[in-house]
Amino acid sequence: MNETTQKIISAKYITEETDHMQYQPGMDNIGSEVQDAVIARMNAYDADAYTAADVRRALSKDVLSPEDFGALLSPAAAPFLEQMAQRAQAETRKHFGNSVQMFTPLYIANYCENYCIYCGFNCHNKIRRAKLDMAEIERELQAIAASGLQEILLLTGESRSMSPVEYIGEACKLARKYFRVIGIEIYPLNVDEYAYLHACGVDYVTVFQETYNADKYKTLHLGGHKRIFPYRLNAQERALKGGMRGVGFAALLGLSDFRKDAFATGLHAYLLQRKYPHAEIAFSCPRLRPIINNDKINPRDVHEPQLLQVVCAYRIFMPFASITISTRERAGFRDNIIGIAATKISAGVSTGIGEHADAEESKGDAQFEISDGRSVDEVYKAIQAHGLQPVMADYLYV
């Protein structure tokens, strides 16, 4: 780590009064033009301005522009959902064959220094906090590997003090003993920190921007490093500069205008793909889920047809991108969407701390409630039942 990284301002000093658009001391500002381009085009995007003719025109093209992508996300595209699904399925089979990648997340800590009002891990929510030590992490890894999975996603709450970069790096080194592909979903880092974790074995980085609406973002993130909007938005580019093979993008659909957020997510990925042609691009499509101590958090604003529209629009716009469908969604929907557009699915999922080796010995509370609790074997068989091929790893080191 360089000296600047060590001096990142303490999260407790980032409060509701902190300017959410200003970088704090120690945060890498890579001076990227991508953020301004994404926000400007998102603000100009008017989903209601599109017509059926615009949707037909978009579906007739082999390669779509961002404007065409906007048409597929618009209300005017709703009557064309069947055509979109057929086109998405054709693109998926063309570029991915009949394969569906499988993985599971492993939460190694749930301490958090952010005050995000929609998240079960937020620092003011009274939950059981826990952090696995290296021996406990290895037991979890062994239990997951025994299921046959070869890809894992390591997650922590967003606390630099409780889950420092070095701790995450050691966990990644352990994971490399058991898995071929390692992803991380943690707090945003500086370029040199991403380079360090890449050296520890990490292949890809996923960051949920949550919402690209900066004004809404300010009202949802009341404290901690996550309050700083541009530092989060530019995390994927810093990860690529740090040597990561791939980066994942997502907005938490339902926090703000889901059409604008989906448009911004796709445009963000599109612009970084053009800037870094070697980068592997992935999308996640999460909706809000209930959390502990907050019964108002429910996926009421984005229903399954709308979610399907978003997923199909991503696929048609960026045919080579991986698309993950998570256990936030019910089993039946997940099984159907892998037959259309999604190419990656989680299985045997727990969002609590330390539940893989012994489900009865959970050390810490979950981030959110899952909808699909099926085992790895059950999801594997469901994929096969749809005439698809489960794939445990998409990458081999030689």
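## Terms and model

A residue is called buried when its relative accessible area is under 20%, exposed when that area is over 50%, and partly exposed in between, computed with a 1.4 Å probe on protein chains only. Helices (H or I, at least four residues) and strands (E, at least two) are DSSP runs, numbered from the N terminus.

The model is predicted, so local features need pLDDT of at least 70 and side-chain atom pairs count only at pLDDT 80 or more, whereas totals for chains, interfaces and linings use all residues. Residues are numbered from 1 along each chain as its sequence is written, and side-chain values use heavy atoms, with hydrogens and water left out.

## Helix α5

The buried residues of helix α5 are L81, M84, A85, R87, A88, E91, T92 and F96. They cover an arc of only 165° around the axis, which places them on the same side of α5; the arc is that of the directions from the helix axis to the C-beta atoms. On the other side of α5, E82 and K94 are exposed. An α-helix has 3.6 residues a turn, so residues three or four places apart point the same way.

The expected span of a helix is 1.5 Å times one less than its number of residues. From C-alpha to C-alpha, R87 and S65 are 16 Å apart in space and 22 residues apart in sequence.

In helix α2 (residues 34-44), the residues V34, Q35, V38, I39 and M42 are buried. Seen down the axis of α2, these buried residues fall within an arc of 120°, so they line one face of the helix. D36, N43 and A44 are exposed on the other side of α2.

Helix α12 (residues 258-275) has 18 residues, which should span 26 Å; its end C-alpha atoms are 26 Å apart, in agreement. Of its 18 residues, 13 are buried, so α12 is largely enclosed by the rest of the structure. The N-terminal end of α12 is capped by D257, a side-chain oxygen of which lies 3.0 Å from the backbone nitrogen of R259. This is a polar contact, defined as a pair of N or O atoms within 3.5 Å; within protein, one must be able to donate a hydrogen and the other to accept it, and residues adjacent in sequence count only if both atoms are side-chain atoms.

## Buried residues in strands and loops

L155 lies in strand β2 (residues 151-156) and, at 4% relative accessibility, counts as buried. L155 and T351 are 196 residues apart in sequence and 9.3 Å apart in space, C-alpha to C-alpha. In strand β4 (residues 204-210) is E210, which is buried with a relative accessible area of 5%. The phi of E210 is near 75°, a positive value in a residue other than glycine. Most residues other than glycine have a negative phi.

Two loops also hold buried residues. A77, in the loop between α4 (66-73) and α5 (81-96), is buried at 0% relative accessibility. C116, in the loop between β1 (99-109) and α6 (134-145), is buried at 4%. C116 and L255 are 139 residues apart in sequence and 11 Å apart in space, C-alpha to C-alpha.

## The cavity

A cavity is a set of points on a 1 Å grid, over the protein atoms alone, where a 1.4 Å probe fits but cannot get out; lining residues have an atom within 4 Å of a point. Grid points are joined across faces, edges and corners, and a volume is the space filled by probe spheres set on the points. The whole structure has one cavity of 30 Å³ or more. The largest cavity holds about 70 Å³ of space.

The largest cavity is lined by I8, M27, R160, Y187, P188, H225, K226, I228, Y231 and R232. By class, this lining has six nonpolar, one polar and three charged residues. Here Ala, Val, Leu, Ile, Met, Phe, Trp, Tyr, Cys and Pro count as nonpolar, Asp, Glu, Lys and Arg as charged, and the others, Gly among them, as polar.

Key: 1 Å grid on protein atoms, 1.4 Å probe; cavity = no way out; pocket = protein on both sides within 12 Å on 5 of 7 lines; lining within 4 Å.
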